[in-house]
Amino acid sequence: PRTPEILQRFGLDPERPTLLYTGRLDFEKDVHVLMDALPGILALEAKPQVLVTGRGEWEGRFGAFQAPGYAYGGFLDNREDLSNLVASCDLLLATCPVETFGLSVLEGLCSGRGVVSAHDGGGGEQVRQSGAGELFQAGSATDFVKAVERALPRADEYAAKARAWGAAWPTWNDMFARQNARCLELLDARR
């Protein structure tokens, strides 16, 4: 369930659409694309807000960025706060085009949130498979802004698709059990 107080804690209005980036703030995650896209995203007609959380080499830049509707939340070490934050946002943002698996995208989708993701990599693959979000050309702040603009009016639709997709996804314990069973099967085949 949404927790308006958690958005208010970051100075955001719970009545406005909120976009969340949470993760490492390092160059290899393509966070410079998010930084370049922020003015365009914040200027969209839907008046979205953007909250960035995480730490890394770019945290000083995200911490220093100032604009109405923008907040930098630093690193969140409280898992419950992070869970409530994800549940209280309208869309998640994922910039990295070289993720092999796209764990943060997967967690967002399984939490019932649509995602705007770079087209390439594991995150893009998860969004394509789920149908629960929009993709943008990696490295293009302009295309990122356009993808957010397309996603905002469909946030509820993407949330429903994400919930359905997440419900069909096996649990971590199931996934590890399958992986272990497959490894044992391969070992037995070698004997």
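Predicted model: local features only at pLDDT ≥ 70, side-chain atom pairs only at ≥ 80, totals over all residues.
User: Why is T53 called buried?

Analyst: The relative accessible area of T53 is 1%. Buried means under 20%, so T53 is buried. The residue belongs to strand β2, residues 49–53.

User: What makes the pair T53 and T22 a polar contact?

Analyst: Their side chains are joined at 2.7 Å, and the cut-off for such a pair of N or O atoms is within 3.5 Å. T53 also touches other residues beyond four places away in sequence, among them L20, Y21, G73, G74 and L85.

User: Why is the pair F65 and Y70 called edge-to-face?

Analyst: The ring centres of F65 and Y70 are 4.9 Å apart and the planes stand at 85°. Centres within 6.5 Å make a pair, and planes over 60 degrees apart count as edge-to-face; therefore the F65 and Y70 pair is edge-to-face. Y70 is buried, because its relative accessible area is 11% and the limit is under 20%.

User: Why is the pair F136 and F144 called stacked?

Analyst: For F136 and F144 the ring centres lie 4.2 Å apart and the planes are at 20°. Planes under 30 degrees apart count as stacked, so this pair is stacked. Both F136 and F144 are buried.

User: How many aromatic pairs does the whole structure have?

Analyst: The search finds 3 aromatic pairs.

User: How do you know whether Q126 is buried or exposed?

Analyst: Q126 has a relative accessible area of 5%. Buried means under 20% and exposed over 50%, so Q126 is buried. Its place is in helix α6, residues 121–130.

User: Which residues is Q126 in contact with, leaving aside neighbours within four places in sequence?

Analyst: They are F101, G102, V105, L106, L109, W165 and W169. With F101, a polar atom of the Q126 side chain lies 3.2 Å from the backbone oxygen. With L109, 17 residues apart along the chain, the C-alpha separation is 8.4 Å.

User: What is the volume of the largest pocket, and which residues are closest to its centre?

Analyst: The volume is about 930 Å³. Among the 33 lining residues, T22, L82, L103, S104 and E107 are the closest to the centre. Elements that give two or more residues to the lining are β1 (18–22), α4 (79–88), β4 (91–94), α5 (103–110) and β5 (114–118).

User: How many residues of each class are in that lining?

Analyst: The lining of the largest pocket has 14 nonpolar, 13 polar and 6 charged residues.

Methods. Residues numbered from 1 in each chain as written. Heavy atoms only, no water. 1 Å grid on protein atoms, 1.4 Å probe; cavity = no way out; pocket = protein on both sides within 12 Å on 5 of 7 lines; lining within 4 Å. Points joined across faces, edges and corners; volume = space filled by probe spheres on them. Helix = DSSP H or I, 4+ residues; strand = E, 2+ residues; numbered from the N terminus. Nonpolar A, V, L, I, M, F, W, Y, C, P; charged D, E, K, R; others polar. Buried < 20%, exposed > 50% of the residue type's maximum accessible area, 1.4 Å probe, protein only. Polar contact = N/O pair within 3.5 Å; in protein donor to acceptor, adjacent residues only side chain to side chain. Contact = heavy atoms within 4.5 Å. Phe/Tyr/Trp six-rings, centres within 6.5 Å; stacked < 30°, edge-to-face > 60°.
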